[in-house]
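Have a look at the structure before reading on.

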Amino acid sequence: MKSILIFAFLVITKGALAQIVNSKIKAVYPTSYYFETQRMQMFRTLLSNDNFLPTPLGERANEIPLSTWSHQIGICVGLSRFVYFDGGVSWMQNGEAYTFKSLDSDSSFNYQTRYRYLALPLQLKMAFGDQFKFYGGIGIVPGLYQDYKQDLQWTNPLGAKYDDVVKINNNMNSFQFSGLGSVGIEAQLDNNYTIRFGALYRRQFNNSYNPYDAYVHKSFGWGLNLGLCKKL
């Protein structure tokens, strides 16, 4: 499955290069490649998997959002003067957190859970403007599960501190599929380079866990992105 994502990205790149052979196309179409980083506030929906074994959510019902970083490289292929296709390869993170503090002692318990994916964000975008372009887009994000990490911190009733890391979760779905929407602005630095800043929203459609897990888990979140583009 990893090879499928890499192959798809190479196909996108090859198509972009083929389009810029004609100098007229190059002059009109905003074809470029970029690096982008994203700071997301991620949360989740969590339901009992009643098709397998109804299980109360317990303390997991009190989980809170978690801030995560994702990073992406990609290419924007011009389809017309105002419409372009944005395809990339992303190291993407989802997650959630939990925090508890006892009211009558120094006991506490906290964790931050991260799910990491090799993803292929694909968007159709529209952009308007000259030196400053305003853009908006919608798309999909298929992704392959890479790893799981849960950082735990707790204190006992006397205030002694402990921590641990869990890196194994055998109940993960190997594939996730999300929808993506974005808006933002692109500022031209010179004839070749453009910086872009925007906001995005991502929502997962399928279960993060396998069909036999106790819960149905789907991540969603919003955040900001910052990227540097170079015209081809």
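Are Tyr98 and Tyr111 buried or exposed? Both Tyr98 and Tyr111 are buried, where buried means under 20% relative accessible area, exposed over 50% and partly exposed in between, with a 1.4 Å probe and protein chains only.

## About the model

This is a predicted model, in which local features need pLDDT of at least 70 and side-chain atom pairs count only at pLDDT 80 or more, while totals for chains, interfaces and linings use all residues. Residues are numbered from 1 along each chain as its sequence is written, and side-chain values use heavy atoms, with hydrogens and water left out.

## Aromatic pairs

The model contains 11 aromatic pairs. Rings of Phe, Tyr and Trp (for Trp, its six-membered ring) pair if their centres lie within 6.5 Å; planes under 30 degrees apart count as stacked, over 60 as edge-to-face and the rest as tilted. One of these pairs is Tyr98 with Tyr111, which is stacked, at 5.3 Å centre to centre and 20° between the planes. Tyr98 lies in strand E3 (residues 83–101) and Tyr111 in strand E4 (residues 108–119), so this pair ties together parts that are 13 residues apart in sequence. Helices (H or I, at least four residues) and strands (E, at least two) are DSSP runs, numbered from the N terminus. Tyr98 and Tyr111 also form one aromatic cluster with Phe109.

Tyr117 and Tyr145 make an edge-to-face pair, 6.1 Å centre to centre with 70° between the planes. Because Tyr117 is in strand E4 and Tyr145 in strand E6 (residues 132–155), the pair ties together parts that are 28 residues apart in sequence. Tyr117 has 1% relative accessibility and so counts as buried, whereas Tyr145, at 21%, counts as partly exposed.

## Charges over rings

Two tyrosine rings deserve a look here: those of Tyr34 and Tyr193. The charged end of Arg196 sits over the Tyr34 ring, 4.1 Å from its centre. Lys230 lies over the face of Tyr193, 5.7 Å from the ring centre. A charge sits over a ring if NZ of Lys or CZ of Arg is within 6 Å of the ring centre and within 35 degrees of the ring normal.

## Cysteines

How many disulfides does a search of the whole structure find? It finds zero, a disulfide being a pair of cysteine sulfur atoms within 2.5 Å. For Cys76, the nearest cysteine sulfur is that of Cys229, 5.8 Å away, which is too far for a bond. Cys76 is buried at 2% relative accessibility, and Cys229 is buried with a relative accessible area of 5%.
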